[in-house]
Amino acid sequence: MFPEIIPPRDLRAPIDAFVGNIVNEYSGLLRAVTQPLLDLLIWMDVLLRESPWWLVILAVAVLAWLASRRIILPLAVSGLMLLLGVLGLWDASMQTLSIMIVAVILSVLIGVPIGILMASFKWLRSIMLPVLDIMQTMPSFVYLIPVVMLFNLGKIAAIIATVVYAVPPVIRLTDLGIRLVDSEVLEASRAFGANRTKQLFGVQLPLALPNIMAGINQTTMMALAMVVIASMIGVRGLGYEVLQGINRLQVGRGLLAGLGIVILAIVFDRITQALGRRYQHQNKEL
Amino acid sequence: MAKIEVSNIYKIFGSRPQRWLDAARDGISREELLARSGHTLGLRDISLSIEEGSIYVIMGLSGSGKSTLIRHFNRLIEPTAGHIRVEDVDVMSLGMRELEQFRQRKMSMVFQRFGLFPHRSVLDNAAYGLKVQGVARKERQQRAQHWLEQVGLAGYEKQYPHQLSGGMQQRVGLARALATDAEILLMDEAFSALDPLIRREMQDQLLQLQSQLNKTIVFITHDLDEALRLGNRIAILKGGELVQEGTPEDILLAPADDYVQAFLQDVNRSRVLNAVHACNEPALSLTTRSRPVHAVERMAAHGLRFTPVLDGKRLFGVLTRESADRALMEGARDVSRYVEAMASVPASAGLDEVLGRMLHSTAPLAVTDENDEFVGVLSRRKVVELIRPTLPIEGEEPVVVVPQRSAA
């Protein structure tokens with residue numbers, strides 16, 4: 001046995017006190033700050049669930065066509081979405097989809113700028129890399145506890161947990177993509193007198209786009225993996241169905257809902273991948 | 001006045017270059033600096049003056065600092081010490097904004113691996129410099145179009161760089177650089193990545209464009225043939241130091257050290273050097289009105305078997321000893337009737353051409369300049385010496401040159 005040097009209670013107590021303190025002092029403020037996010041989530045939820053099912057399928061098909069410019073992908077995607085409805089999972093799917101969309105938008109809004117900064121500042125990268133490792137390996141329940149304490153059970157807590165878990169790939173791949181941009185191409189833009197903004201938006205980001213798209217693809221997949229856990233803190237949707245299947249030992253219910261998650265994953269994956277491939281093709285190396 | 005003037009440029013790569021600047025000034029060797037401090041000496045005390053309207057070639061092996069040097073002209077790389085002037089602008093004093101302006105207007109650059117934007121069409125690539133300047137879309141496309149036509153790429157505007165061959169890609173690079181109308185063109189090993197035939201074609205095109213545009217061109221290369229072909233002046237770098245600077249002839253005829261000499265080994269000298277380098281000032285020349293007795297006396301005095309005869313400044317022909325004797329015996333008033341025709345080559349004829357003529361006949365050859373005026377008589381020995389300087393020639397100490405190719 002390893003000798004006890006510091007009693008565990010002494011280690012835990014200050015942490016508990018610290019978080020408790022934050023909850024007491026700031027939870028009101030934090031809730032006020034995140035109110036717009038909650039509004040967005042609710043708006044998206046209403047939008048997807050109230051819209052006629054064929055309109056949603058049509059929208060997804062149009063997105064698929066825009067991403068791939070081929071007829072096959074929209075057809076396949078529409079078929080999969082129809083299957084969701086046929087399996088009786090439409091409403092749950094739409095709830096999950098709405099959270100997913102917001103989570104991915106947030107992840108991109110947070111992840112891409114951080115990735116850009118990491119690519120430009122070495123010191124930031126050396127700080128961020130271990131942080132990203134922690135975000136990806138720390139069991140999500142660990143940060144679910146304080147998040148739930150701060151925001152209560154519900155959508156906000158779920159979306160924060162999802163973003164924390166899902167944002168690392170887009171950060172990593174943005175950073176990588178920008179650092180992989182051919183130095184001579186970047187130098188050419190400098191030599192012609194482009195300023196930082198023009199270098200970033202005219203050269204670095206467009207050339208990093210295939211990698212960024214791969215990051216977004218990974219991020220969506222990880223966000224989907226999070227939905228079951230998110231359902232434990234009170235978010236309805238496909239994850240909730242799975243959870244109920246577990247609780248009530250209903251294999252069929254769990255399996256079908258799981259299938260629904262897989263279908264959503266495939267739809268997301270194929271659309272983002274098709275988009276990434278199109279950029280990849282455009283940027284094909286010299 | 002010089003267009004570009006750099007003086008006493010030092011560049012040390014590493015975390016604390018200023019600390020080792022004095023050591024570099026005191027002449028610490030590259031290896032020692034690296035061993036003692038982990039810093040790399042990029043350039044040591046480089047001063048150059050580049051004339052307006054000339055093609056200035058900077059040459060050296062890889063690692064000699066030539067690409068580092070060219071990036072100092074537009075401060076893509078900051079010198080550790082030294083001054084850079086372009087016309088009357090002190091480039092070192094420019095702030096961030098001014099430097100961007102300066103790069104947009106004054107200088108443009110062509111890169112070894114082209115540096116084209118893969119996500120932009122050929123037309124947009126060529127228009128990039130103008131776009132950065134803020135020129136309206138329509139106008140910049142028009143101007144880019146014009147330059148694409150100039151470099152022979154009309155019809156490829158909508159293509160993307162990866163759809164073009166290497167030579168065509170570099171033409172886009174050239175059009176992009178020319179489109180901004182900058183007076184100074186920096187070309188960093190611009191043709192090194194191309195295969196020899198295309199390279200030659202591009203060199204011709206550059207020379208032809210230069211004859212119309214009269215830009216100031218700084219051209220980096222590791223290929224001496226290319227340097228000699230393009231350069232009005234050549235600077236040779238070795239290990240970050242300037243070894244020799246001068247006209248192509250200066251360098252060919254008087255290499256400063258073994259390093260330069262080693263460079264010269266592979267070069268096709270006969271294409272660069274021409275007849276004028278291989279001719280002797282004649283010890284004696286006569287005119288058409290010289291008296292035969294005078295001719296015979298002078299030729300005997302100099303021990304000559306023949307001598308050129310001039311009419312004014314122009315070559316009239318050659319007088320052999322026998323003809324002179326005959327003129328004397330026949331009591332001619334002057335030598336003009338006894339002069340035989342003499343073959344001549346223009347001063348600008350390459351040595352390879354001269355060599356061909358020499359092999360066809362053993363008769364003496366005269367060299368004449370562009371006004372048909374007599375310059376001298378071709379020396380067979382000099383021709384051979386110039387073409388193969390390492391060949392031991394009878395009666396002379398053999399010149400031994402050890403080819404040295406340091407990987408510095």
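1. In this predicted model, Cys279(B) sits in strand β11 of chain B, a strand that covers residues 279–280. With 23 other C-beta atoms within 10 Å, Cys279(B) is buried, because a residue counts as buried once 20 or more such atoms lie within that distance. Leaving aside its neighbours within four places in sequence, Cys279(B) is in contact with Val367(B), Val375(B), Gly376(B), Val377(B), Leu378(B) and Ser379(B). The C-alpha atom of Cys279(B) is also separated by 8.2 Å from that of Ala366(B), although these two residues are 87 residues apart along the chain.

2. Turning to chain B as a whole, there are 17 helices and 17 strands. The radius of gyration of chain B is 27 Å, whereas the globule rule gives 22 Å for 408 residues, so chain B is more spread out than a compact globule. Taken along the principal axes, the box filled by the C-alpha atoms of chain B is roughly 85 × 55 × 40 Å. Buried residues account for 39% of the 408 residues in chain B. When contacts in chain B are taken between residues at least 6 apart in sequence, 66% of them join residues at least 24 apart.

3. Two residues of chain B deserve a look at their backbone angles.

4. The place of Glu87(B) is in the loop between β4 and β5 (89–90) of chain B. With 14 C-beta neighbours inside 10 Å, Glu87(B) counts as partly exposed.

5. In chain A, helix α9 (residues 183–191) and helix α10 (residues 196–225) pack at an angle of about 160°, and their axes are 10 Å apart. Because angles over 145 degrees count as roughly antiparallel, α9(A) is described as roughly antiparallel to α10(A). The crossing of α9(A) and α10(A) is right-handed.

6. As for the residues that form this helix pair, α9(A) contributes Val185(A), Leu186(A), Ser189(A) and Arg190(A), which meet Lys198(A), Gln199(A), Gly202(A), Val203(A), Gln204(A) and Leu207(A) in α10(A). Sorted by class, the contact of α9(A) with α10(A) has four nonpolar, four polar and two charged residues.

7. The contact between the chains takes 19 residues from chain A and 22 residues from chain B. On the side of chain A that touches chain B, the elements that give two or more residues are α9 and α10 of chain A, and α9(A) gives the most, with six residues. By class, the residues on this side of chain A divide into nine nonpolar, four polar and six charged.

Key
Residues numbered from 1 in each chain as written. Chains lettered and ligands numbered in written order. Predicted model: local features only at pLDDT ≥ 70, side-chain atom pairs only at ≥ 80, totals over all residues. Helix = DSSP H or I, 4+ residues; strand = E, 2+ residues; numbered from the N terminus. Buried ≥ 20, exposed ≤ 12 C-beta atoms within 10 Å, placed from the backbone. Axes fitted to C-alpha atoms, helices over the stretch in contact; angles between N-to-C directions. Parallel < 35°, antiparallel > 145°, perpendicular 65-115°, else oblique. Left-handed = near helix turned anticlockwise from the far one by under 90°. Contact = placed C-beta atoms within 7 Å. Nonpolar A, V, L, I, M, F, W, Y, C, P; charged D, E, K, R; others polar. Rg over C-alpha atoms; globule rule 2.2 N^0.38 Å.
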